[in-house]
Amino acid sequence: MGPVNAGKLDTADFASWIRRAAELVAADADRLTRLDAAIGDGDHGHNMDRGFRAATGALSGGTLPGDAPPGKVLITAGRAIVSKTGGASGPLYGTALRRAGKALGDTAGVDAAALGAALRAALEGVQELGKAAEGDKTMVDALAPAVAAYEAALADGAEPAACVRAAADAADRGAEATVPMQARKGRASYLGPRSVGHLDPGAASTALVLRALADVVAQGG
Ligand code: ADP
Ligand code: MG
């Protein structure tokens with residue numbers, strides 16, 4: 001990132017985000033699967049690993065022109081995830097990334113405000129598709145507080161790195177907060193009260209994806 005683009009994220013940064021997310025998901029796939037085995041069908045780690053591998057592959061496979069804007073990276077990654085990932089999480093993550101990419105449009109250098117708007121668009125896409133509210137014990141319980149924390153940090157005038165760190169920390173706390181919740185959406189809702197006492201797998205994976213963003217922005221952005 002050169003001085004002209006200081007404080008802005010470019011196409012390479014967004015590709016790094018997806019690659020870092022794929023690394024964190026792969027490293028934690030067994031944990032995500034164990035979480036899903038407790039209140040679902042035990043495939044979340046596999047689904048996420050497959051999806052993010054596909055996304056990384058799509059970005060490195062030469063399908064994306066060298067001068068593609070950051071938004072195109074997210075749209076490409078989202079499409080790959082939808083096409084390769086089973087379960088509820090594939091369409092949800094795919095929608096999140098495609099919506100975020102659309103929100104970025106053709107901007108070459110993404111500043112903190114644009115990134116915040118993209119994260120907000122991702123959340124809206126997930127909620128439109130899945131109809132989950134906060135408290136339903138889903139990925140929304142990690143993503144919604146993350147977006148709120150990002151926006152609060154931005155309003156305080158924080159640097160992009162601090163905004164994404166605030167988002168990732170809020171996602172971690174939001175995921176933890178799903179433990180006492182009873183699931184009202186997705187497979188875990190079939191368990192009714194027996195879903196209480198377990199961490200929601202999709203909230204856990206959402207926290208990883210946001211941590212990946214914080215890692216990348218802390219390094220270069
Ligand atoms: P499946 O439940 O089809 O096996 P996964 O195991 O990959 O799919 O993903 C499960 C996760 O998806 C849940 O932990 C939850 O976070 C998320 N999820 C399921 N349904 C919804 C929904 N309607 N809205 C938001 N997130 C959801
Ligand atoms: Mg599952």
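1. Start at A88. One of its backbone N or O atoms lies 2.7 Å from an oxygen atom of ligand 1. This is a polar contact, a pair of N or O atoms within 3.5 Å. The protein covers 92% of the 570 Å² of accessible area that ligand 1 has on its own (Shrake-Rupley method, 1.4 Å probe).

2. A word on the source. This is a predicted model, in which local features need pLDDT of at least 70 and side-chain atom pairs count only at pLDDT 80 or more, while totals for chains, interfaces and linings use all residues. Residues are numbered from 1 along each chain as its sequence is written, chains are lettered from A and ligands numbered from 1 in the order in which they are written, and side-chain values use heavy atoms, without hydrogens and water.

3. Two further contacts deserve a look. An N or O atom in the side chain of D200 is 2.6 Å from an oxygen atom of ligand 1. At M139, a polar backbone atom is 3.0 Å from a ligand 1 oxygen.

4. What surrounds ligand 1? The shell holds 20 residues, and the closest are N47, A88, S89, G130 and D200 (a heavy atom within 4 Å counts as near). Six are nonpolar, eight polar and six charged. Here Gly counts as polar, and Asp, Glu, Lys and Arg as charged.

5. Which helices supply this shell? Helix 3 (44-60), helix 5 (89-104) and helix 9 (201-220) each give at least two residues. Helix 9 has the largest share, three residues. Helices are DSSP runs (H or I) of at least four residues, numbered from the N terminus.

6. Ligand 1 sits in the largest pocket; that takes more than half of its atoms within 2 Å of the grid points. The volume of this pocket is about 510 Å³. It is lined by 25 residues, and A88, S89, L92, G186 and R187 are the closest to its centre. A pocket is an open set of points on a 1 Å grid over the protein atoms alone, with protein on both sides within 12 Å along at least five of seven lines; lining residues have an atom within 4 Å of a point.

7. The pocket lining has nine nonpolar, nine polar and seven charged residues. Among its suppliers of at least two residues are helix 2 (29-39) and helix 6 (112-130).

8. The whole structure has one cavity of 30 Å³ or more, where a 1.4 Å probe fits but cannot get out. About 170 Å³ lies in the largest cavity. Of its 14 lining residues, A96, L97, A122, L143 and V209 are the closest to its centre. Helix 5 gives the most, four residues. The lining has 13 nonpolar, one polar and no charged residues.

Notes: A polar contact is a pair of N or O atoms within 3.5 Å; within protein, one must be able to donate a hydrogen and the other to accept it, and residues adjacent in sequence count only if both atoms are side-chain atoms. Grid points are joined across faces, edges and corners, and a volume is the space filled by probe spheres set on the points.
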